[in-house]
Amino acid sequence: MPRIAASNPNYSFVLRNDNTGRYLSKCTIELPSVTTVIKRVLAKTALVPWTYRQTLDAFVGVIGMVEDGSLAIEDLIDTFSDVDMAAEWMKENALRPEDFANDAAKRGRGTHDFLERLAKIGIEDDEAAEAYAKKHVDGDDPFVHGVCQWWLDRNPSAVAAEEVVWSTRLGVAGSIDLVWIDRNLAVITDLKTRKAGSSTYDTDFVQVDGYMSLWNERHPEKQGNVGSVLYVCDDGTYSETDVPANFARSFDKVKELHDMLRGKEV
């Protein structure tokens, strides 16, 4: 059985005897995730400006503590006159860029979990899913609001959520956020949580293209004909962008380069 996506860059699979149906606990294989392959090959162009914004937010946060009196100006000078003391203080107060990244990861996981619950309700009962979305659309979480609003606007007919898929041809695995039917086409959709005003990334499209290949190999009877990226933002808005036609088979090329760089035969 495959592992559920987590911090491990690989998916672990336990092999099964086709004759007996029993899993062979000592026979496992590991496949890298689609996102791991992409990260190893393609640069994240948004990483540098994102780090700058988080560092700027941390600086403004420190000054805000001085203004509200929770940090004395003398302590600020003493602490930030020494690199090690400054680094330790930033760590203790969770003001480092990685602390913001961890918060964002938790927030993203919560939003993904909500979409999964909503989609699984929809797989069983479209009307129940609509009612669930209406119930939560006006909650305090702007990302959940975005998901609910998209669901109510698009009224997707869900067929799978957080499904682990893999490809023996490509030698990779991944977890698809949502598969739904739109005008008789199977749509492979990946969910992203972003700050309002953020732009789309090419890596998002490559990722969905990879998921489409994996889905099609596992489900030849209901091919994924369309890919899209659903962006929900911290102001409660959403946008959905189809994967451009020029990204078709882009993940195959990324995987080929990945294997070449890691010394594997292609």
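Helices (H or I, at least four residues) and strands (E, at least two) are DSSP runs, numbered from the N terminus. This is a predicted model, where local features need pLDDT of at least 70 and side-chain atom pairs count only at pLDDT 80 or more, while totals for chains, interfaces and linings use all residues. Residues are numbered from 1 along each chain as its sequence is written, and side-chain values use heavy atoms, with hydrogens and water left out.

I will start with the backbone. Asn-184 sits in the loop between S4 and strand S5 (185-194). Its phi is near 70°, a positive value in a residue other than glycine. At 74% relative accessibility, Asn-184 is exposed; exposed means over 50% relative accessible area, buried under 20%, and partly exposed in between (1.4 Å probe, protein chains only).

Arg-249 also has a positive phi without being glycine, near 65°. The loop that holds Arg-249 runs between strand S7 (238-242) and H9. Arg-249 is partly exposed, at 45% relative accessible area.

Now the interior. A nonpolar core is a set of buried Ala, Val, Leu, Ile, Met, Phe, Trp, Tyr and Cys residues joined through side-chain atoms within 4.5 Å. The largest has 24 residues, and those touching the most other members are Val-34, Val-172, Ile-176, Ile-188, Trp-215 and Phe-251. Two or more residues each come from helix H1 (34-41), strand S3 (157-167), strand S4 (172-182), helix H8 (202-218), strand S6 (224-233) and helix H9 (250-261). H8 gives the largest share, 7 residues. There is also a second, separate core of 21 residues, with Leu-115, Ala-129, Trp-151 and Ala-158 among them.
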